[in-house]
Amino acid sequence: MQLVHRLVADESGATAIEYGLIAGLVAVAIIAALTALGTSLSNLFSGVAQTINSATS
């Protein structure tokens with residue numbers, strides 16, 4: 001009976017799950033930010049390339 005009480009009171013697994021969820025949310029936020037940044041940089045470099053091409057033509 002004492003073993004069951006200790007297992008019910010143990011919260012280390014719940015803490016690990018919470019940290020895992022936080023890490024997952026941070027990863028999703030980083031991926032979203034990098035995707036937006038990548039699109040922005042791609043548009044910037046395309047604009048620079050067009051400007052250079054039109055200047056040399």
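Here are a few questions and answers about this predicted model.

Local features need pLDDT of at least 70 and side-chain atom pairs 80 or more, while totals for chains, interfaces and linings use all residues. Residues count from 1 along each chain as its sequence is written, and side-chain values use heavy atoms, without hydrogens or water.

User: How many helices and strands does the chain have?
Analyst: Both are DSSP runs numbered from the N terminus: helices are H or I with at least four residues, strands E with at least two. H1 covers residues 2–9 and H2 covers residues 12–56. The count is 2 helices and 0 strands.

User: What radius of gyration does the chain have?
Analyst: This one is taken over C-alpha atoms, and the globule rule is 2.2 Å times the number of residues to the power 0.38. A compact globule of 57 residues would come out near 10 Å. The C-alpha atoms here fill a box of roughly 85 × 10 × 5 Å along the principal axes. The chain's own value is 25 Å.

User: Is Tyr 19 buried or exposed?
Analyst: With a 1.4 Å probe and protein chains only, buried means under 20% relative accessible area, exposed over 50%, and partly exposed in between. Tyr 19, in helix H2, has 59%, so the label is exposed.

User: Which class does Val 4 fall in?
Analyst: Val 4 sits in helix H1. Its relative accessibility is 49%, so Val 4 counts as partly exposed.

User: How far apart in space are Val 4 and Ser 57?
Analyst: In sequence they are 53 residues apart. From C-alpha to C-alpha, the distance is 80 Å.
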